[in-house]
Amino acid sequence: MLGLMQDYQLTVQTILDHAALNHGEREMVTRSIEGPIRRTTYQDIRERALCVAKALQKEGIGIGDRIATMAWNTDRHVEIWYGIMGLGAICHTVNPRLFAEQLVYIVNHAEDKMLFVDLTFVPIVEAIADKLPTIQKYIIMTDDAHMPETSLPNVITYETWLAASDADFTWGVFDENTASSLCYTSGTTGNPKGVLYSHRSNVLHGLMCNQPDVLGINSNDNILPIVPMFHANAWAITYAVPAAGASLIMPGAGMDGKSIYELLDSEKVSASAAVPTVWLGLLQYLEENDLALPYLDRVLIGGAACPRMMIETLENKYDVEVIHGWGMTEMSPVGTTGKLKHATEHLRGDERVKLKLRQGRTPYMVEMKIIDDEGNDLPRDGATSGHLLVRGPAISKAYFKHDEEILDQDDWFDTGDIANIDELGYMQITDRDKDVIKSGGEWISSIEIENTAVGCEGVAEAAVIGIAHPKWTERPLLIILRKEDSEVSAADVLAYLDGKIATWWMPDGVEFVDEIPHTATGKIQKMTLREQFGGYAFKAPD
Ligand code: ADP
């Protein structure tokens, strides 16, 4: 027998409708790409999103068509994002940091019909436009007064294009399982793969992220998503915030410490989310200028492991709660968050920091487990590491236009991460499966060594890779990027690590480099480092 409840479809435009009707006056504040701060409201955003949908339809765009955006977090990007999805078309957020060949690959693979591009990225698109045959129109996200000289064909400014439309439009009517958006993984090996979200998965994931133990957003919050919308849904923020009626503060292209601080302060931001490197920039700016963060209550830090120093500084010096999170594009992306809970609330000092260094526990709607190489379930004992598997309603079951099976017979998805889970459900990532260092039959966590090493004075960034070893199979090599003007030595770093990590984890060598390579989502590119240090031999101890 089926229940007798309404067949209300969980489509993302219902979120914007809700925000406009019930929080229509609530502001969205944007650091515009042209420069000045721009203020708008959910009411305006909805009107303009309807204009976008109507204008797209006039262009012949309909359900299932892919429309690309290459844009920062701004009010315009939000309007376009909801306008595309509300029509039933698919919003393909393109990461401008991908290499040119990858950009060409994904736009062609997605068969995008139009591309909305921010002023900043026009040169990137111009350089590849002749290789993008499916794009029928380019829309530069500015007004005519700021229109640059451009070689792009069939090009118009956003404001001119929008002015020819109006908001007299009804959202598309379609099933909640209809595809809403497309985001390609950064593809450290092989071509990027398309993760195709549905309206239902995005709505559920947005609500999931609104739970008190995740971001816990309410209508009094002012939320600054620094994590870009092209980086896996801005971690759900562009859905979760309007759903809650909170204010969205959009940083535009201003990712540096000064720009971020200005918005945190002037807009009284209560919560924010970004990868660790952004917080490093902010902390440095605060330190140099002797500033405080009186309004900021909590920050979500993820995408890469959050270093100990960052948790300690934000919590102890600035009184900002750190919520360490983990996830991946295939998971929409949030998988775990590390809020304290009833059984851990009492922890203080080092024990508390140690728990916060773990990537956290799953909210309702994510299931996770760890297995060994043979597929056997492993215990939640906080020590045993294994392959981390997940399942849930906002987790991929296949890649776009790919035949490859990605789930096992029980629908579990292998994240490619290696982790342990403790008795209370707090998970800790120890490595990517392709980066683990096998030494004497045991695994060494490169992530833990790196995170400890960045706490050493003078170390800007650290990466650990395995180097082949005749006796132990592999041993760790620590690669360091020094802070400007620092002369920190190998002996200094090793002395700092001494006592903080297991003795048998101590790197057999330390090398200094001028640059550590990163992927398009800011992760250390270990493959490149392994190539760079291919054939490396550890020096015999003095
Ligand atoms: P994104 O770029 O959106 O972070 P990706 O899909 O490119 O997502 O990368 C996901 C991977 O990033 C995870 O599988 C994991 O290896 C790594 N990652 C994400 N968050 C953390 C974290 N808090 N600690 C360690 N690794 C993380």
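1. Basis. The model is predicted, so local features need pLDDT of at least 70 and side-chain atom pairs count only at pLDDT 80 or more, while totals for chains, interfaces and linings use all residues. Residues are numbered from 1 along each chain as its sequence is written, and side-chain values use heavy atoms, with hydrogens and water left out.

2. Ligand shell. The ligand is surrounded by 18 residues, and the closest are His 231, Gly 325, Asp 417, Arg 432 and Lys 523 (a residue is near a molecule if one of its heavy atoms lies within 4 Å of it). Strand E14, residues 321-327, provides the largest share of this shell, four residues; helices (H or I, at least four residues) and strands (E, at least two) are DSSP runs numbered from the N terminus. By class the shell holds five nonpolar, nine polar and four charged residues. Here Ala, Val, Leu, Ile, Met, Phe, Trp, Tyr, Cys and Pro count as nonpolar, Asp, Glu, Lys and Arg as charged, and the others, Gly among them, as polar.

3. A polar contact is a pair of N or O atoms within 3.5 Å. With backbone atoms, a ligand nitrogen is 3.4 Å from a polar atom of Ala 304, and a ligand oxygen is 3.0 Å from a polar atom of Thr 329. Of the 550 Å² of accessible area that the ligand has on its own, the protein covers 93% (Shrake-Rupley method, 1.4 Å probe).

4. Second largest pocket. On a 1 Å grid over the protein atoms alone, a pocket is an open set of points with protein on both sides within 12 Å along at least five of seven lines, and a cavity is a set where a 1.4 Å probe fits but cannot get out; lining residues have an atom within 4 Å of a point. Grid points are joined across faces, edges and corners, and a volume is the space filled by probe spheres set on the points. The second largest pocket has a volume of about 690 Å³. Its lining has 33 residues, with Arg 308, Lys 354, Leu 357, Gln 428 and Glu 448 nearest the centre.

5. Make-up of that lining. At least two residues each come from helix H11 (308-317), helix H12 (349-357), strand E19 (427-432) and helix H13 (446-453). H13 gives the most, four residues. Domain 2 (365-432) and domain 3 (437-532) each contribute at least three residues; the bounds come from an automatic or database domain assignment. The lining divides into 14 nonpolar, 12 polar and seven charged residues.

6. Cavities. There are two cavities of 30 Å³ or more. The largest has a volume of about 40 Å³, and its lining includes Tyr 261, Leu 264, Asp 265 and Val 269. That lining has eight nonpolar residues, no polar and one charged. The second largest cavity holds about 30 Å³ of space and is lined by residues including Trp 81, Cys 91, Ser 181 and Asn 233. Strand E8 (179-184) supplies at least two of its lining residues, as does strand E4 (90-93); the E8 share is the largest, three residues. Six of the lining residues of the second largest cavity are nonpolar, three polar and none charged.

7. Backbone features. Most residues other than glycine have a negative phi, and most peptide bonds are trans. The peptide bond from Ser 332 to Pro 333 is cis, with omega near 15 degrees. Pro 333 sits in the loop between E14 and strand E15 (334-337). Ala 232 has a positive phi, near 50 degrees, and is placed in the loop between strand E10 (222-225) and helix H8 (237-244).

Definitions and conventions. Polar contact = N/O pair within 3.5 Å; in protein donor to acceptor, adjacent residues only side chain to side chain.
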